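Try each task before you read its solution.

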Amino acid sequence: MTSLDIDGVRAEIDALDRQIVQLISQRQHWVVEAGALKADRDAVRAPDRVQKVIDKVRALAEEAGASADVVETTYRAMIAAFIDLELSVHESHLASVPCTTPNDTERLRFRPMTFDDLESMAALLGDPAVMTYYPAPKTRDEARAWVEWNQRNYGEHGHGLWVIETREGEFVGDCGLTWQKVNGRAELEVGYHVRADLQGRGYATEAAAACRDFARDVLGATKLVAIIHPDNAASARVAEKIGMRFLEEDHGGAIAVRRVLGMDFPEARGRGRS
Ligand SMILES: O=C(O)C(=O)C[C@]1(C(=O)O)C=C[C@@H](O)C=C1
């Protein structure tokens, strides 16, 4: 038993807390560094790594004469808080990547997709009417991964799928340019999804035409394609309206056969894949 009274004991605890918070501050520095190196939210969460840390600190606790259970509970709470911190740092980093967009059209404007669009994107990509020709509508987690994928594309290529909205700011869908595989080759593709209740008004054609112009005039692409499910006549019509013609069938995707429509830009400056 200690010879200290309760105030003396608490003074010892307070002194240790000062050291522990200093150490947490140093730990935070490296956790944030780790977060910046990670590609997406799953990598931030790193459950395998969490388990390794827990196993390690339980062993250290036993060596040091501390309760392994107390140490584990403390670490699980601390790591959960650090994961939240890493996620917020990670998202603000992705959202700050600069990205130019196609020009406004008569009725639409483009802007980079952010995590603030998650509700709208999850509703769009989760709608069976919009996703008829996909293997399945996307879950909320898949919609989140879609936002992350586009943000990575902005950072790596300077383009991706952008949010399209009316000039008044109403969410219409997404449309943009991504690199896709066609029979094993990388091709620049224009893609589009329009809210089911806004389809049939020519929005996809208007947005896809602006992306075609951006691909040709800003990216200096020499070719643009649209990869389309063979039964998706509405999407094929959009591709044809912006000047594309049937080029080939693709056999390399999750769907057995996809039709590839496309067009060349012979006058382009010829910058290829960036
Ligand atoms: O090791 C990492 O990857 C970290 O980001 C650190 C840390 C941690 O706090 O220990 C945080 C988040 C991950 O879930 C795993 C571990």
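**Exercise 1: the ligand shell**

Task: list the residues that surround the ligand, then find which helices supply them.

Solution. This is a predicted model. Step one: the residues around the ligand are Val 31, Ala 34, Gly 35, Arg 45, Ala 46, Arg 49, Val 50, Val 53, Ile 79, Phe 82, Ile 83 and Glu 86. Step two: sort them by class. Eight are nonpolar, one is polar and three are charged. Step three: assign helices. H1 (6-36), H3 (47-64) and H4 (68-95) each give at least two residues to the shell. H4 contributes the most, with four.

**Exercise 2: helix H3**

Task: determine how the span of H3 compares with the expected one, and whether H3 lies largely buried or in the open.

Solution. Step one: H3 has 18 residues and spans 26 Å from first to last C-alpha, close to the expected 26 Å at 1.5 Å a residue. Step two: count burial. One of the 18 residues of H3 is buried, so the helix lies largely in the open. Step three: look past the end. Gly 65 follows H3, and its phi is positive, near 80°.

**Exercise 3: H5 against H6**

Task: describe how H5 and H6 cross, and name the residues in contact.

Solution. Step one: the axes of H5 (118-125) and H6 (140-157) come within 9 Å and cross at roughly 115°. Step two: the crossing is right-handed. Step three: H5 makes the contact through Leu 118, Met 121, Ala 122 and Leu 125, and H6 through Arg 140, Ala 143, Arg 144, Trp 146 and Val 147. Step four: this contact has seven nonpolar residues, two charged and no polar ones.

Notes: Residues numbered from 1 in each chain as written. Predicted model: local features only at pLDDT ≥ 70, side-chain atom pairs only at ≥ 80, totals over all residues. Axes fitted to C-alpha atoms, helices over the stretch in contact; angles between N-to-C directions. Left-handed = near helix turned anticlockwise from the far one by under 90°. Contact = placed C-beta atoms within 7 Å. Nonpolar A, V, L, I, M, F, W, Y, C, P; charged D, E, K, R; others polar. Near = placed C-beta within 6 Å. Expected span 1.5 Å × (residues − 1). Buried ≥ 20, exposed ≤ 12 C-beta atoms within 10 Å, placed from the backbone.
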